Amino acid sequence: MSVPSKWKIAQHWNESPRREDFAPHLLLDEPCCFACGWFSERWERATAQASWQRANLERAHIIPSSLGGSDDASNLLLLCKPCHQESPDWVDPAQMARWIATREERPSRELETFLAWFAAAEKAPEFKDALASVVAEEGAAERVSELLQDLLGRAGTHFGVGFSQGTRVAVLQAAADEINRRAQQTGWEADESRSVDIQD
Ligand SMILES: [Zn+2]
């Protein structure tokens, strides 16, 4: 017997009388983790079915296969990676329902990314100061944005995680150094064509 598609699992729980216990965040036209509600705008496709298939969610057994659980949609949930890793592997489904009921809600992938950058800026006060020193200049937002993208292009990523929080802080500090360097040398505005050297 083949494992049901994500779409089939979503449809099953959408109709299930136990939906509130096992998929309290479920909305059929917007894929999300059943347990914490995490979602991404990147999953959006033309149809709900295509969006669910695209969603970066994992099939999680309510009763584990190793304890006799089936691959039927009624025994499968769609969870984000952290939820799947922390969910109980236990023979009594009531424990899964209980775990879901106490699971903290998680913001969207996009909001999480924004909050991570915000937290990184708190740890790189030099960047906030540098930004404040140029923000009134015409086109400053575009130039800072280009600078950050350039620096991010030089940063490494953790496999499957993207930029680490330490990388975000390092990028903001390098950006602050570059903004200050340009401002001191030939002036921030006149220095657009210069390449960025983050080595020094
Ligand atoms: Zn989750």
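The chain carries 9 helices and 2 strands, where helices (H or I, at least four residues) and strands (E, at least two) are DSSP runs numbered from the N terminus. Along the sequence these elements follow the order α-α-α-β-β-α-α-α-α-α-α. The model is predicted, so to speak of local features requires pLDDT of at least 70, side-chain atom pairs count only at pLDDT 80 or more, and totals for chains, interfaces and linings use all residues. Residues are numbered from 1 along each chain as its sequence is written, and side-chain values use heavy atoms, with hydrogens and water left out.

Turning to overall dimensions, the chain has a radius of gyration of 23 Å, whereas a compact globule of 200 residues would have one near 16 Å; the radius is taken over C-alpha atoms, and the globule rule is 2.2 Å times the number of residues to the power 0.38. Along the principal axes, the C-alpha atoms fill a box of roughly 70 × 35 × 25 Å. Of the 200 residues, 36% are buried (buried means under 20% relative accessible area, exposed over 50%, and partly exposed in between, with a 1.4 Å probe and protein chains only). Among contacts (heavy atoms within 4.5 Å) between residues at least 6 apart in sequence, 58% join residues at least 24 apart.

Charges come next. The chain has 21 positive and 32 negative charges, whose mean positions are 5 Å apart. Lys and Arg count as positive and Asp and Glu as negative, while His and the chain ends are not counted; each charge is placed at NZ of Lys, CZ of Arg, CG of Asp or CD of Glu.

Helix α5 (residues 93-101) buries Met96, Ala97, Trp99 and Ile100. Viewed down the axis of α5, these buried residues fall within an arc of 160°, so they line one face of the helix; the arc is that of the directions from the helix axis to the C-beta atoms. Their packing partners are α2 (19-22), β1 (58-61), β2 (76-79) and α4 (81-86). Arg98 and Ala101 are exposed on the other side of α5.

The loop between α4 and α5 holds Pro88. Pro88 and Ile62 lie 26 residues apart in sequence, with 8.2 Å between their C-alpha atoms. In helix α4 itself sits Gln85, which counts as exposed at 62% relative accessibility. Its C-alpha atom is 9.4 Å from that of Ala60, 25 residues away along the chain.

Helix α7 (residues 125-134) buries Phe127, Ala130 and Val134. Down the axis of α7 these residues fall within an arc of 65°, so they line one face of the helix. An α-helix has 3.6 residues a turn, so residues three or four places apart point the same way. The cover over the buried residues of α7 includes α8 (140-154) and α9 (165-184), while Asp129 and Ala132 are exposed on the face turned away.

Finally, helix α6 (residues 109-123) contains Arg109, which is partly exposed at 30% relative accessibility. Not counting residues up to four places away in sequence, Arg109 touches Trp38, Phe39, Ser40 and Arg42.
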